[in-house]
Amino acid sequence: MSSAEIEVSQVRKVYYKDRLEIPVLDGLNLKIAAGEFVALMGPSGSGKSTLLHLVGGLDTPTGGSVRVGDAYLESMTERERTAWRSRHIGFIFQMYHLVPVLTAAQNVELPLLLFKMAANERKERVKTALTIVGLGDRMDHRPNQLSGGQEQRVAIARAIVTDPDAILADEPTGDLDAKTSDEILDLLNLLNSEFGKSILMVTHDPKAASRSNRIVHLEKGLLEREEINPVTVRESAVA
Amino acid sequence: MTLTLVMLKNFRRNPLRVALTAVAFALPMAIFVAAISMVVALNEASANTEKELRIGVHHKTSLVNPLPEGMRRKIEGLDPDRTRLTGVCGMRWFGGRVPNTQNTLTSLAADADTFPTVYSDTYMQPAEIAAWNKDRQACVVGMNPAEEYGWKTGDRVTLESTVPPYLQLEFHIVKVLDNPERANFFWFRRDYLVESLKEKGEDDPRCNIFWVKCNSAQSLRSLQKDIDALFANTPDETKSEDENTFGANFIQMAGNIPGLMQAMSVVVVVIVAMVAGNTMMMSFRERTRELAVFKAIGFQSRKVFQLVVGESLLLALGGSLLGIVPISLVLWLHPIPMRQMGPVGSLEISWMAAGISLVIALVVGLAAGFGRPTKPCVYEQQMRCGALSKD
């Protein structure tokens, strides 16, 4: 069980399209404590997903610094960031992005193929991860034999099977109905409270955001405001 | 589970597309192997005839224009001491076919006395030569017509000519050749033809060609010039060619067949390979997000690249082998008799052609894999476009 503090300092991100400069993040500062669950909200184009990708090491900032635990991502090479990501970050996407020809267990096992690990140990970890998300009995089902909610659970199992320090979720409930969304959010809360995972979740849904410890609102690449959720903070403290 | 298994499982995504892509590789590769094998066989046949040191002397206008049989003596007169030539054999086209069949055999009437010497590559034994000399109806046949019609030495066979006056003659087989370069020929005695024509009221002892067997390559070149010079400015001007050139020109009367075959097969393979390669690239493009997920969960670009290239290589090579292996086995184990291809007796596998087709498949497979954007910078671009974030 591990978690990491995330610190984003004076981060700038500029994209170039047809020689046109498109600033997305403009000197953003944000600190997320180890084991904290933070929701990122804001209008489209405010830089939420970009921030998520920077924290996950999928992209590099134009300026400023991104630190996750002891790792300063801006100083790493692409190869180093990829290797680091495999050990420290778990990604969850809106559209699940499971490999359709693999079973649930094989999808969850994918990140473990990057480690020197005995097949038995891999199998054990996969079973544990799928049991945590409540799909211990669906290991041999392929994605097309699962509901949307179950697919997202498999994606969550894939994100936690390597025991990462932080989970980065990009609109994880965006494609689900209200009931299933609640179940997914319960699961994220469980991973945060029981397993101490730091979670950074991008969402447009205020209800989903209300399940986090803190809601961070972005506007035009800057932190507009923050809201502390006293209920979840208290629950986390109790847990 | 291993990455190889992931790669193999990917073929189950769209089995119909995978099957069609494999077939798209298999068919042109099979055709390519067969066509190039034919080109190789033609080239080898040319090389083999070259070493026989024979000159074909025919009318300068065309092979169809007959030459007087007396020309043989004049050609022999160029070298009375036989220091340059071994023999001269006049031949006339008969164009015979087995009654009630369609295939015209390469059947020629040859001077009886010099045929065994000039065509020493028929390897006639003394007893066979004696039978050839003794029997007016004697004939020597290649292995393909013998196999097709079930002929053997000692058999009596009948051919009907496809040229006027459409004689129907009976022959006695004194030898079935086992030389693959001579697999399609049917030779018989010209005196028999001349006498049979006389019986029909046609006194026409002319020849279509004289074959001159030379002692050396040097003699061949000098005789070639001397023969054409001898008949220059006469009603029967000649064109003398070595057998290799004659064979090539004869085949090319119907166009540059080897060149055309080579060019067409290459064009077909290149076009189909491009189409199949593009199909493979499209199937990867459809999976851009999925491949980006592999990056997101920590797979190095090199690993993703291996996955993509491995898959496209496997499909290209697998599909190609599906075409190459059966055609190679067929041509290797049972060479196909080529009855209408002159010097080429049978179509055998050219391992070089099989090798080239595999290399083409390898290149297409690699190109399709490289065609996929697998470099990190491109992934990052895809991330910016929100490939992973939205549907």
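View 1. Helices (H or I, at least four residues) and strands (E, at least two) are DSSP runs numbered from the N terminus. This is a predicted model, where local features need pLDDT of at least 70 and side-chain atom pairs pLDDT 80 or more, while totals for chains, interfaces and linings use all residues. Residues are numbered from 1 along each chain as written, chains are lettered from A and ligands numbered from 1 in the order written, and side-chain values use heavy atoms, leaving out hydrogens and water.

**View 2. The open sheet of chain B has ten strands.** Follow them in the order β3-β6-β7-β5-β8-β4-β2-β9-β1-β10, with mixed pairing (strands pair if DSSP finds at least two bridges between them). β3 (96-97) and β10 (238-242) sit at the edges with a single partner strand each, so one side of each has no neighbour in the sheet. Strands β2 (residues 85-93) and β4 (residues 106-110) of chain B pair in the antiparallel sense over three bridges, and B:R92 stands opposite B:A109 in β4(B).

**View 3. A:E36 and A:R214 meet in a salt bridge.** Their side chains come to 2.8 Å, N to O (a salt bridge being a Lys or Arg side-chain nitrogen within 4 Å of an Asp or Glu carboxyl oxygen). A:E36 is in the loop between β2 (20-32) and β3 (37-41) of chain A and A:R214 is in strand β9 (residues 214-219) of chain A, so the pair ties together parts 178 residues apart in sequence. A:E36 is buried at 14% relative accessibility, and A:R214 is buried too, at 8% (buried is under 20% relative accessible area, exposed over 50%, partly exposed in between, with a 1.4 Å probe and protein chains only).

View 4. The closest N and O atoms are 2.3 Å apart. B:K295 is buried, at 3% relative accessible area.
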